[in-house]
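Subject: Structure handover

Hello,

Here is the structure you were to receive. My notes on the helix packing and the chain contact follow below.

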Amino acid sequence: MRFDLQTLRAMLAGDRHADRVVPPTGFTAQLTVFASGAMAFLAVFALALSLASGRLAEAWGDELARTATIRIVAPEDQRAIQTTAALEVLSTTPGIASARALTDAEQQALLAPWFGQDLPLDTLPVPRLIEIIAADQGFDATGLRLRLAAEVPGAILDDHVRWREPLVSAANRLRLLGWTAALLILGAVAAMVTLAANAALAANAQVVAVLRLVGATDRYIAQAFVRRFTLRAFAGSAAGVVIGLIAVWFMPSGGDTPSFLTGIGFQGTGWLVPLLLPFISALVALLATAYAAGRALRTLT
Amino acid sequence: MIELENVAYSYGGGELLSDISVKLAPGSFHFLTGPSGAGKTTLLKLCYGALLPTSGHVRLFEADVRTLERDDIAMIRRKVGVVHQDVQFLDHLPVRDNVALPLTVSGRHAEAAGDDLGELMAWVGLTNRAEALPPELSGGERQRAALARAVIMSPDVVLADEPTGNVDWEMSQRLLKLLVELNRMGKTVLIATHDLSLIRAAKAQVQARVLRISNRRVQLAGADL
């Protein structure tokens, strides 16, 4: 089937007489609507996963890239002196927006998940932590390490690179996986519609024979099938997207804290992305049916 | 109008038709006869581009069928009405819509045909069966509906393959009368049949040439018919 603007316009406008020449019901009709709906439902989740992973990757990347920690590992009588010295070094280091030593209460809260609330910090050799917030341009970690080594021997700088990179990389891969899943789902829609269109054409061989006998062109015959499958894929996909969005809407939320399981969903304009799915499914169905019809009509006599 | 020149047609390794030369002039009336399996249907299909010859030339309205695209052949079929013995319809559409189908596929809808369609249904005696579905029709009604469908586009040529094969004598005479009427309106008519009594009945009403297929070739039948 040749595709041009005229064909597309005729397809969108429709022709109720032409629409009637193909029997209205049949197994392939329900199959197409159901499969498109199911695929769109899955695609909504794939997109939700992908967009959520993207947000997570950005959040982790941004937040962790802008923070660093200094541990002061020193004898107890030296700890306060070295902490003050480290803060002085930090105050004169370009690219650092703020730096502060965590209080005992904050350190206790950090350790609480492992040691409980009643941990006597003064009886343990717990290093003092200094939280650093970097300015937008960032700071020179290597230079800072050298200065700390010279001026504060017990200070160890951790700029989070070691564990930030794998996390961001994992989130990015998950995002890629989500998009790949969405693409595979569209591929499955194309395969399914092609099979259904082939089955419909074979089941309606008599209809094709009659139409040919009375002077129908291949384009006319193909169009009758293509339009029908396109509309079915659109309708099924639209239903699947609506159900998928409702399901995503009711998924438990983790609030503003980015995390994997509780963060799967859409935010802001992200809710509009799945609305494209019915149109993409319809386009995929249109191309797949046009291909299938063109091939089948060349072989059907 | 339709011309076959030295046409041969082979199928499954065997030659079904050989060295066939036939010319259907405008307004002529032809019968094509011969025993079952002689190749009458094949020859008819060659006449409307449903089959392509193995060798030789088939010219439909002066265009060699080999040079035509599939859609060109579809256009030519709008000028050739075809009636088969085993008539096929779109079973989900009422008779009226089936008869109007050639109009539908050519972009002219049944509503536009209006009175013409009503007259045609009356001409074939199916006015009161217009809303029936094809499976509800009798053999004779199906043939008449097929004839109405074949002529609704006012084609130049009507090809009928054993049109009376499934109907009784009375109905076959009625169908023949309709075909003769079409010829009197200037249409070229070719009827493939093995029913010699039909040919004799027709020769009493119209000047018809009788072609006989024998041994894969076509010859003009003698006065014995």
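Axes here are lines fitted to C-alpha atoms, for helices over the stretch in contact, and angles run from 0 to 180 degrees between N-to-C directions. Please keep in mind that this is a predicted model.

Chain B, H7 and H8

In chain B, helix H7 (residues 139-151) and helix H8 (residues 169-184) have axes that come within 10 Å and cross at roughly 10°. Angles under 35 degrees count as roughly parallel, so H7(B) is roughly parallel to H8(B). On the H7(B) side the contact is made by B:Gly140, B:Gln143, B:Arg144, B:Leu147 and B:Val151. H8(B) brings B:Met171, B:Arg174, B:Leu175, B:Leu178, B:Leu179 and B:Leu182. By class, the residues of this contact are seven nonpolar, two polar and two charged.

Chain A, H9 and H11

In chain A, the axes of helix H9 (residues 218-249) and helix H11 (residues 277-299) come within 8 Å, with a crossing of roughly 150°. H9(A) and H11(A) are therefore roughly antiparallel to each other. Their crossing is right-handed. Residues of H9(A) in this contact include A:Phe225, A:Phe229, A:Ala233, A:Phe234 and A:Val241. From H11(A), those that meet them include A:Leu277, A:Pro278, A:Ala282, A:Leu286 and A:Leu297. The contact of H9(A) with H11(A) holds 18 nonpolar, four polar and one charged residues.

Chain A, H8 and H9

H9(A) also packs with helix H8 (residues 205-213) of chain A, at an angle of about 145° and with the axes 10 Å apart. The crossing of H8(A) and H9(A) is right-handed. A:Val208, A:Leu211 and A:Arg212 of H8(A) make this contact with A:Asp218, A:Ile221 and A:Phe225 of H9(A). These residues divide into four nonpolar, no polar and two charged. A:Asp218, A:Ile221 and A:Phe225 are also listed in the contact of H9(A) with H11(A).

Between the chains

The size of an interface is often given as the accessible area lost when the parts come together. Here the area buried between chain A and chain B is about 2,000 Å², and carbon and sulfur atoms give 57% of that area. The contact takes 26 residues from chain A and 24 residues from chain B. How many salt bridges are there between chain A and chain B? The count is two. One of them has the side chains of A:Arg20 and B:Asp97 meeting at 2.8 Å, N to O.

Regards

How values were computed. Residues numbered from 1 in each chain as written. Chains lettered and ligands numbered in written order. Predicted model: local features only at pLDDT ≥ 70, side-chain atom pairs only at ≥ 80, totals over all residues. Heavy atoms only, no water. Helix = DSSP H or I, 4+ residues; strand = E, 2+ residues; numbered from the N terminus. Parallel < 35°, antiparallel > 145°, perpendicular 65-115°, else oblique. Left-handed = near helix turned anticlockwise from the far one by under 90°. Contact = heavy atoms within 4.5 Å. Nonpolar A, V, L, I, M, F, W, Y, C, P; charged D, E, K, R; others polar. Buried area = accessible area lost by both parts, 1.4 Å probe. Salt bridge = Lys/Arg side-chain N within 4 Å of Asp/Glu carboxyl O.
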